[in-house]
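Have the sequence and the 3D view open as you read.

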Amino acid sequence: MSDAPKPADEQSGENYDDRPIRAEAELPPEVQAPLAIFAGAEPPSPQWFKDAVAQAPERIFVDSLGSKIELLTWGEIGKPGLLLAHGNSAHAGWWSFIAPFLANDYRVAAMSLAGMGQSDWRDQYRFEDFAADAEACARAAGLYESGKKPIYVGHSFGGILISHTTVTHPELMRAAVLVDTVFSRRPPPKPGEEAEGPRILPSADRVNRVYPTMAAALARFRLMPPQVAGEIFTADFIARGSLKEAPLPDGSGTGWTWRFDPQMWNKMDPGALRRVRSGEKLAVGVPMAHLYGAESTMLANSLTQGASPLPDDIIKIAIPAANHHVMIDQPLALVTALRALLAVWPA
């Protein structure tokens, strides 16, 4: 048996789930390869989407703990600040068609977490370091210049990191908004055992596959956990931003591969995972709200694992006809919910 690294066959999209992936043959084509039918071409999109992504953000790289962190910004410095954090194996561009709708009233910044997007990979990933990265990005974006602390917004794994930060560093933010954030629960590891990462993520001996063309790479993109992309044009936009050029294994030229670090969960601080999965109520230090997909399979599955570690009195708003990837399924409904919530909250 070869010891060479094994390629991961698909983009993990956004991935924080403990269930094994079903055999690929069991998944319908619109789930296992939603972009394949377009053969590399962009699917049709409505005018609102074209107008939103045409509002290109300023892109800078912020130095944090010796790493460069990708940061996108919209809106004027001096307006109240919003910091947006994406989910696992994703990137800041997941917010590119959401942020422009918020930029009239806010200074908006979206960061690519370390190990994802165009941010640097690390030898180890710690929740405390993510919190430091978030503060560095918020300050570099001018999110504190209005005289009010920024509000942190996080989707899925990004929401877990923000939840952790509300406990350890509540002084950094005015409030926190989670978007379909699920806390997987497992029994605590026995003495001497390491906490496990999610089973569906690439193992330590895997690397991201290099595809000969962008069309070939896009044909392998799918969302994790597996679901139909509610708006295919948003999925296509996100997938393109997930790719980078890389040398082909045979040395014949360059191809395309995924930007995220496939070994991120093998490098994750196990202590953080124990705390996340402990089941204990979080001592949240700021007002918190949770926007979630009304049809989210991840959220529904989590309810079978016991009570949520989130405070019982947080605001909860369901986004109709949305699964876990709310900004892909119902982007305008997410915008509306965020704008309505932030107009009256926090007091």
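## Ground rules

This is a predicted model, so local features need pLDDT of at least 70, side-chain atom pairs count only at pLDDT 80 or more, and totals for chains, interfaces and linings use all residues. Residues are numbered from 1 along each chain as its sequence is written, and side-chain values use heavy atoms, with hydrogens and water left out.

Helices (H or I, at least four residues) and strands (E, at least two) are DSSP runs numbered from the N terminus. For accessibility, buried means under 20% relative accessible area, exposed means over 50%, and partly exposed is in between (1.4 Å probe, protein chains only).

## Salt bridges

Side chains of opposite charge can pair when their charged atoms come close. Here a salt bridge is a side-chain nitrogen of Lys or Arg within 4 Å of a carboxyl oxygen of Asp or Glu, and the whole structure has eight of them. One joins Glu-70 to Arg-59, at 2.3 Å from N to O. That pair links distant parts of the chain, with Glu-70 in strand 3 (residues 67-74) and Arg-59 in strand 2 (residues 58-64), eleven residues apart. Glu-70 is buried at 3% relative accessible area, while Arg-59 is partly exposed at 43%.

Another salt bridge pairs Asp-129 with Arg-126, at 2.8 Å from N to O. Asp-129 is buried, at 14%, and Arg-126 is partly exposed, at 32%. Then there's Lys-281 with Asp-312, whose closest N and O atoms are 2.9 Å apart. Lys-281 sits in the loop between helix 7 (270-276) and strand 11 (288-293), and Asp-312 in the loop between helix 8 (297-302) and strand 12 (315-319), so this pair ties together parts 31 residues apart in sequence. Lys-281 is partly exposed at 44%, and Asp-312 is exposed at 65%.

## The largest cavity

A cavity is a set of points, on a 1 Å grid over the protein atoms alone, where a 1.4 Å probe fits but cannot get out; lining residues have an atom within 4 Å of a point. Grid points are joined across faces, edges and corners, and a volume is the space filled by probe spheres set on the points. That gives three cavities of 30 Å³ or more, and the largest has a volume of about 90 Å³.

What lines it? Among the lining residues of the largest cavity are Leu-83, Met-111, Phe-130, Tyr-152 and Thr-165. Helix 3 gives the most, with four residues. By class, the lining has eleven nonpolar residues, one polar and no charged ones, counting Ala, Val, Leu, Ile, Met, Phe, Trp, Tyr, Cys and Pro as nonpolar, Asp, Glu, Lys and Arg as charged, and the others, Gly among them, as polar.

## The nonpolar core

A nonpolar core is a set of buried Ala, Val, Leu, Ile, Met, Phe, Trp, Tyr and Cys residues joined through side-chain atoms within 4.5 Å. The largest one has 88 residues, and those touching the most other members include Leu-83, Trp-95, Phe-130 and Leu-334. Helix 10 (residues 331-344) supplies the largest share of this core, six residues.

Gln-124 is in the loop between strand 5 (107-111) and helix 3, and is partly exposed at 40%. The C-alpha atoms of Gln-124 and Lys-267 are separated by 4.7 Å, though these residues are 143 apart along the chain. Leaving aside neighbours within four places in sequence, Gln-124 is in contact (heavy atoms within 4.5 Å) with Lys-267 and Asp-269.

Definitions and conventions
On a 1 Å grid over the protein atoms alone, a cavity is a set of points where a 1.4 Å probe fits but cannot get out, and a pocket is an open set with protein on both sides within 12 Å along at least five of seven lines; lining residues have an atom within 4 Å of a point.
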